[in-house]
Amino acid sequence: MRPSSVVLRVVTGGYLILFFIYLLMPLVFMSLVAFNSSTVPQVSPWQGFTLKWFGVLLADNQMWGSLINSFIVAFFVVIISVPIGLSASLLLTRLQFKYRDGLYAVLVSPLLLPGIIIGISTFLFWDRAFQLSGGLFTTIMAQASFISGYSMLLIMARSQRFDRIQEDAAFDLGATHWQVFYKITLPFLSPALISAAALAFMQSFDNYNTTLFAIGFEQTLPIYIGSKLRSFISPAMNALSFIFILFTLTGAVIYETLRRRELRNNSR
Amino acid sequence: MCLLASIIPGFLRVEDTDMHKLIPNLSKNFGIAGSLIITGSIAFWLFGMIILPQLIMIDFSFRPFLPLNKIGGPDDIYTLKNYIVLFTNEFHRAIFIKTIWSSVLVTITALIVCYPIAFYLAKVARGTRFSLILIGLVIPYWINELLRIFAWQLILADTGVLNQLLLAMNVASDPINFRAGNGAVLLGMVYAYILFMVFPLYNAMESLDRNQIDAAHDLGASRFQIHKRIVIPHCKPGIAVGCIMTFMLAAGSIAAPQLLGSPSSFWFSQIIYTNFECANWNQGAAYAMVLTVLCLAFIFAMLKIFKVNLKEIAK
């Protein structure tokens with residue numbers, strides 16, 4: 001091995017290690033604090049191991065209320081944005097028309113603008129046009145306006161690989177539009193639809209910027225977290241973070257196991 | 001967001017349609033009921049969720065802030081007042097300018113930090129190491145943005161980890177107030193938005209043929225030349241998307257300045273938020289418009305600098 005490539009390996013390895021310390025260290029500290037009995041969220045001085053912050057968190061009715069709201073909002077965002085994304089991707093992948101690129105640009109524009117602008121415009125629109133003030137409904141509308149864009153892009157990526165000869169064959173054999181859609185198009189797109197639904201759910205569940213302006217006096221989980229972190233900070237928030245991290249790690253492990261099993265099965 | 005860079009232009013079989021043939025062609029493709037559902041849902045999305053809300057916001061921004069009983073009355077006329085405030089109010093103007101350069105700084109920092117990681121992930125890492133890095137990158141992003149930023153609050157606070165460490169090592173004699181300037185906010189933003197830079201870069205680099213790099217290497221190109229002549233030109237769309245996303249997230253960020261900021265590090269989005277808290281929706285709408293125009297200007301600047309077109313980028 002040439003000396004220069006040894007140097008390169010050391011530099012690359014060092015950079016990777018530093019990068020991941022930067023990325024993951026904050027989460028380690030955050031988790032540690034969840035178990036420190038000090039009432040101020042800090043790692044040191046360590047005042048003894050405790051699980052009481054989890055108890056405090058779980059006893060907080062406001063947290064449960066906001067969690068339920070988050071599920072409601074995410075559910076409706078999925079229900080709205082996946083069909084809209086599907087419709088738009090079918091239209092845009094199959095028909096070429098004069099304003100197609102323009103339409104495309106407008107439909108993806110909410111993804112390229114700050115979330116707070118989507119929240120503000122949706123809030124003002126429903127207030128002005130229908131005298132509906134901010135709440136869960138406006139939040140659903142605001143979130144769906146950009147999450148539909150994600151769904152569209154995800155579904156388009158798959159529908160571009162669709163071989164339409166199958167559909168032509170079915171039409172020739174006398175199938176109706178509905179039958180073709182239900183028996184051929186939908187099964188082909190279903191993996192993309194499932195990932196679109198999962199992504200939409202996660203995007204909605206996590207959303208803070210757009211929701212903050214659209215939600216009025218209601219609370220979703222991120223809004224609850226935001227109000228807690230801005231006022232009196234309690235280690236209960238660290239307990240919540242730890243639960244998030246735990247869920248994430250479990251998800252990652254499950255995903256990786258499934259992926260490896262699939263790889264093994266395919267190689268057989 | 002990585003999708004934006006990953007979806008390649010060019011469709012399998014697109015039918016060229018004149019506008020007047022659009023409707024017959026729609027029903028040929030999807031049937032009558034199908035066409036109605038498709039056009040209906042797209043129309044609802046396009047008008048009900050994107051265009052009309054935007055127009056209403058523009059309308060609000062050009063109207064004066066009036067008490068409820070005067071709205072619609074003789075005083076309710078279009079005015080530029082809400083926009084002029086940005087120039088006359090020195091505090092707002094200073095924060096606006098600071099938000100711009102700070103967001104540019106966040107974007108450049110994120111690009112520099114992420115470029116090596118994206119390259120390593122796309123062209124060097126294999127097998128287990130590849131999936132480990134991917135998981136390591138994704139895990140922080142499955143955790144709420146607010147909590148991610150909160151983690152830095154714990155590190156940078158007066159009694160935080162960093163100060164404890166510095167005090168223990170006798171580097172500092174008193175806790176340092178890291179949150180005084182903009183530093184903490186910028187650090188938190190780079191941390192919070194790194195993935196939005198890594199994945200567009202990664203997607204663009206992944207499609208680069210490894211043989212091109214090897215060929216350049218065999219012909220005696222240095223590593224610097226390989227990146228300058230081959231990798232960077234190839235991943236221009238990825239760089240543009242990553243920069244657009246990071247800048248947009250930073251300029252419109254509200255969580256990071258709310259949680260990590262001090263009164264001296266006010267952010268433009270916080271002024272907008274304050275406007276809405278004071279029920280001055282008109283002023284808020286005008287500043288939201290300013291932010292929109294800023295982000296659009298940045299998008300077009302990026303497209304120009306990297307010489308990519310919108311079609312290439314948004315797909």
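In which helix is the place of B:R210? B:R210 sits in helix α9 of chain B, residues 210–218. Helices here are DSSP runs of H or I, at least four residues, numbered from the N terminus. B:R210 counts as exposed, because it has 10 C-beta neighbours inside 10 Å. The cut-offs: buried takes 20 or more other C-beta atoms within 10 Å, exposed 12 or fewer, partly exposed lies in between, and C-beta atoms are placed from the backbone. B:R210 and B:K123 are 87 residues apart in sequence, yet 7.2 Å apart in space, C-alpha to C-alpha.

Some ground rules. This is a predicted model: local features need pLDDT of at least 70, side-chain atom pairs count only at pLDDT 80 or more, and totals for chains, interfaces and linings use all residues. Residues are numbered from 1 along each chain as its sequence is written, and chains are lettered from A and ligands numbered from 1 in the order in which they are written.

Confidence next. The predictor gives the complex an ipTM of 0.84 and a pTM of 0.86. Chain B averages a pLDDT of 81 (per-residue confidence, 0 to 100), with 90% of its residues at 70 or above, that is, scoring at least 70. In chain B, helix α1, residues 2–6, is lowest at a mean of 40, and helix α11, residues 236–251, is highest at 90. Over residues 1–15 of chain B, pLDDT stays under 50. Where pLDDT is low, the predicted coordinates should not be read in detail.

Back to α11(B). Of its 16 residues, 15 are buried, so the helix is largely enclosed by the rest of the structure.

Now the core. The largest nonpolar core has 157 residues; B:A118, B:Y193, B:V198, B:L201 and B:I244 touch the most other members. A core means buried Ala, Val, Leu, Ile, Met, Phe, Trp, Tyr and Cys residues joined through C-beta atoms within 7 Å. Helix α8 of chain B, residues 183–206, supplies the largest share, 18 residues.

Then the interface. The contact takes 77 residues from chain B and 85 residues from chain A. Contact means C-beta atoms, placed from the backbone, within 7 Å. On the side of chain B that touches chain A, helix α2 of chain B, residues 22–61, gives the most, with 21 residues.

Last, chain A. Helix α4, residues 100–112, has 13 residues. Its buried residues are A:L107, A:V108, A:S109, A:P110, A:L111 and A:L112.

Conventions:
Helices (H or I, at least four residues) and strands (E, at least two) are DSSP runs, numbered from the N terminus. Two residues are in contact if their C-beta atoms, placed from the backbone, lie within 7 Å. pLDDT is the predictor's confidence in each residue, from 0 to 100. The expected span of a helix is 1.5 Å times one less than its number of residues.
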